[in-house]
Amino acid sequence: QVQLVESGGGLVQAGGSLRLSCAVSGSIFNILAMGWYRQAPGVQRELVATVNSGDSPSYADSVKGRFTISRDNAKNTVYLQMNSLKPEDTAVYYCKVILKRITLINTYWGQGTQVTVSA
């Protein structure tokens with residue numbers, strides 16, 4: 001079984017920082033790509049940041065220069081360092097993992113973690 005456990009969300013004032021983490025556990029697998037998405041009430045889920053194997057990280061224009069995505073392969077964990085947070089960053093943040101097991105490639109989502117930024 002594959003599980004994605006997210007943590008690190010919370011309430012922070014504008015200009016503050018948070019670090020989200022997403023730990024992947026399960027049987028033998030190969031993580032091809034990891035990323036973060038977010039969804040605010042009444043808004044479609046949007047891409048925040050992704051990092052693929054062998055590629056440079058990519059970011060949404062709205063978070064460039066403020067957010068940093070990173071991977072710890074030894075711990076099968078992806079992080080999202082969020083600095084200079086703004087109220088418009090308020091959303092539920094979801095971890096996404098593309099996983100290859102044997103010959104199958106599947107996409108998995110974390111349970112989501114709430115990030116609230118006050119003005």
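Let's start with Trp 109, which is partly exposed, with a relative accessible area of 37%. Keep in mind that you are looking at a predicted model. Trp 109 has a ring partner, Tyr 37. Their ring centres lie 5.1 Å apart and their planes meet at 65°, so the pair is edge-to-face; the cut-off for that label is over 60 degrees. Search the whole structure and you'll find one aromatic pair. The two partners come from distant parts of the chain, 72 residues apart, with Tyr 37 in strand E4 and Trp 109 in strand E10. Is Tyr 37 buried or exposed? Tyr 37 is buried, because its relative accessible area is 15% and buried means under 20%.

Now bring in Arg 45. Arg 45 lies over the face of Trp 109, at 4.7 Å from the ring centre. The charged end of Arg 45 also sits over the ring of Tyr 94, 3.8 Å from its centre.

In soluble globular proteins, nonpolar side chains tend to be buried together. Here, the largest nonpolar core has 29 residues, and Trp 36, Leu 80, Met 82 and Tyr 93 touch the most other members. Several strands give two or more residues to this core, among them E3 (18–25), E4 (30–39) and E8 (77–82). Which strand gives the most? That's E9, with five residues.

Let's move on to a sheet. Strands of a sheet pair through backbone hydrogen bonds, either parallel or antiparallel. Look for an open sheet of four strands in the order E1-E3-E8-E7, where the pairing is antiparallel. E1 (3–7) and E7 stand at the edges, each with a single partner strand, so one side of each has no neighbour in the sheet. On average, neighbouring strands here are turned by 15° against each other, ignoring direction. Zoom in on E3 and E8: these antiparallel strands are joined by six bridges. Ser 21, for instance, has Tyr 79 in E8 as its bridge partner.

Finally, check out the loops. Most residues other than glycine have a negative phi. Asn 76 isn't a glycine, yet its phi is positive, about 50°. You'll find Asn 76 in the loop between E7 and E8, and it counts as partly exposed because its relative accessibility is 27%. Ser 84 is another non-glycine residue with a positive phi, near 50°. Ser 84 lies in the loop between E8 and E9, and at 40% relative accessibility Ser 84 counts as partly exposed.

Notes. Residues numbered from 1 in each chain as written. Predicted model: local features only at pLDDT ≥ 70, side-chain atom pairs only at ≥ 80, totals over all residues. Heavy atoms only, no water. Core = buried A, V, L, I, M, F, W, Y, C linked by side-chain atoms within 4.5 Å. Buried < 20%, exposed > 50% of the residue type's maximum accessible area, 1.4 Å probe, protein only. Pairing = 2+ DSSP bridges. Axes fitted to C-alpha atoms, helices over the stretch in contact; angles between N-to-C directions. Phe/Tyr/Trp six-rings, centres within 6.5 Å; stacked < 30°, edge-to-face > 60°. Lys NZ or Arg CZ within 6 Å of the ring centre and 35° of its normal.
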